[in-house]
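Q: Could you walk me through the structure below? I would like to start with the contacts and then turn to individual residues.

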Amino acid sequence: MRSDAASAARKRSRVTTVTLYVLLVAVSFPFLYPTLWMFFSSFKPANEIFLQPPTLLPREWTLDGFVQVFTAQPFLQQYGNSMYIAVIVTVSSILLSAMAGYAFARIRFPLRNSAFVLMLAAMMVPVEVTIIPIFTAVNAMGLNDTHWPLIILPIFGPTSVVSVFIFRQHFLSFPRDYEEAARLDGVSRAGVFFRIALPLATPAIAAVGIMAFLRSFNMYFEALIFLRTPEKFTLGLAITRYQDFYGEQMWNTQLGAASLTVIPILVVFLIAQKQFVQGLAQTGLKG
Amino acid sequence: MAFVAPQVLGVIVLGVIPFIFVVWYSFNEWRPLTGQMEFIGLDNYSRLAADPTFSASIVASLLFSAGVLILNLVIAISLAVLLNRRLKGITAFRTIFFSPVVVSVVAWSVTWGFLLAPDGGLNGALELLGIDGPNWLADPSTALISLVVVQVFKGVGMNMVLFLAALQSVPEEIREAAQLDGASPWRSFWSITVPMIAPTILLTGILTTIGSLEVFAPVQLLTGGGPGNTTNVLPFFLYRTAFISQQFGYASAIGVVLFAIILALTMLQWSTRRKWVHDEV
């Protein structure tokens, strides 16, 4: 009797497991297919992309699309623009938001609560709302068609507040003992932060780093507003500008360029993946 | 002080001060091409109230946000529950669901543009089933929902990760105890899991709402606000008014309204927290 019941339970759990896998594979489709299609279609000749019935794999593999990626626009330079901007944004975001997050978590200073509420409120002001005064200011400073706004806005603008929160949350749960011991030994505030607190904040650094990198790489609205010259374009803008002499879209080229832009984020993500999830788990978004 | 100064000053200079300017601009008639700026009081707002494009724009923004919010939270929580098991290869599935977050929004939009084209991948697949698919992005009845789908699949992986982290902090024993007491999975989901991840639901809800009201790139790249303003969400309407028609004062009024909507919806969600979020957030 008992073993019957046990084997029935095992059978049932095997059925559940199979159902789960079928469900997971089915649900994966809309998440994975567009990216796979983008990747494989960039190896198709332009006229094969709208072939019916649609296929995932190219019938005829070609690198024509990729060749045009580099010949139709200064793509390498645009790639370099996006990369250097993203690196500056990521490094500065980590450093500055870690400092602010640390101060909000650990240091008593005048107006601390008011400053904190101000940061919270700022999250509700998207750049679309304030773009007109920012645009006029950038123009007045002669910084239109430069990379300055694309560097300054993501580092200091209201979107950076989430990063400050991630670090604040991390430092709130960080044991005080280490720091107090160091303070007793006569290490300065800054010394404690740079030599003890920051090096131990790896999960928060990974979470903020990935989010800042993504934010910078995804920046489209600002690039559209501020950049004019193709040599200064960042990748998001560059992808949309592949047109032939007749103003027709160069389909496979667009998809090739889009595929190439995924690589750096994928690399950054694979390096920091584990830490990233751990860092997000500490954001206070945790239940 | 020196530690917070850069970030707090940044938020003031790039958030608070421009916001004050936007409010001021919205009371002015200002076309940068002529360089004339003239105080006109509330005229921009009464003009907005009478502008059919603006009412269409508000409807588009609210419908889009409602669609994204509901679909995103339902899918993110379901995926997190589904993935919160010890199964072989579960990490691979987590990576798959997260992967669109890693693809840039432009690449993602461009790709969906192909899939949703009249002779694109989706309709090709439907044809194999004998169904004649609509022109998804040009048909007034499907354009907005298509954009919602594009936006949801792009971003839901991020919320899924947050819910996974929340679920993993729910002690296993509580769920096992409920199971021993004969609670159905459905019952234990509503009575145990949901209350324990309530703070995460609230915060992701607020952030997803703000994010969906800011949507721009997919709209510009896929529908251009059409057909017939059905996808002309506020940020896109603002962009066109300011940078295509060069009406900075009028566009500023749109910005103020966009902010008011974000503020109202955030407050609304936040004020419900006492009813269902027991933990301190």
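Predicted model: local features only at pLDDT ≥ 70, side-chain atom pairs only at ≥ 80, totals over all residues.

Q: How many residues of chain B are in contact with chain A?
A: On the chain B side there are 90, and they meet 88 residues of chain A; contact means heavy atoms within 4.5 Å.

Q: And what area is buried between chain B and chain A?
A: About 7,500 Å², with carbon and sulfur atoms giving 82% of that area. Buried area is the accessible area (1.4 Å probe) that two parts lose on being put together, summed over both. B:Phe3, B:Gln7 and B:Phe114 supply 12% of the area that chain B buries against chain A, more than any other three residues.

Q: Which helix gives the largest share of the side of chain B that touches chain A?
A: Helix α1 (residues 5-25) of chain B does, with 14 residues. Helices here are DSSP runs (H or I, at least four residues; strands are E, at least two), numbered from the N terminus.

Q: How many salt bridges are there between chain B and chain A?
A: The count is 0, where a salt bridge is a side-chain nitrogen of Lys or Arg within 4 Å of a carboxyl oxygen of Asp or Glu.

Q: Changing topic, how many aromatic pairs does the structure hold?
A: Over all chains, 51. Rings of Phe, Tyr and Trp (its six-membered ring) pair if their centres lie within 6.5 Å; planes under 30 degrees apart count as stacked, over 60 as edge-to-face and the rest as tilted. In one of these pairs, A:Phe31 and B:Phe153 are edge-to-face, 5.0 Å centre to centre with 85° between the planes.

Q: Why does that pair join two chains?
A: A:Phe31 lies in helix α1 (residues 2-41) of chain A and B:Phe153 in helix α7 (residues 143-168) of chain B, so the pair joins two chains.

Q: How do B:Trp112 and B:Phe153 pair?
A: Their ring centres are 6.3 Å apart and their planes are at 5°, so the pair is stacked. B:Trp112 sits in helix α5 (residues 105-115) of chain B, 41 residues from B:Phe153.

Q: Is B:Trp112 buried or exposed?
A: B:Trp112 is buried, with a relative accessible area of 9%. Buried means under 20% relative accessible area, exposed over 50%, and partly exposed in between (1.4 Å probe, protein chains only). B:Phe153 also counts as buried, at 14%.

Q: Where is A:Asn252 found?
A: A:Asn252 belongs to helix α13 (residues 251-281) of chain A and is buried, at 3% relative accessible area. A polar atom of its side chain lies 3.2 Å from the backbone oxygen of A:Lys44.

Q: Last one: where is A:Leu143 found?
A: A:Leu143 is in the loop between α5 (127-140) and α6 (148-156) of chain A. A:Leu143 counts as partly exposed, at 24% relative accessibility. Not counting residues up to four places away in sequence, A:Leu143 touches A:Val138, A:Trp148 and A:Pro149.

Definitions and conventions:
Residues numbered from 1 in each chain as written. Chains lettered and ligands numbered in written order. Heavy atoms only, no water. Polar contact = N/O pair within 3.5 Å; in protein donor to acceptor, adjacent residues only side chain to side chain.
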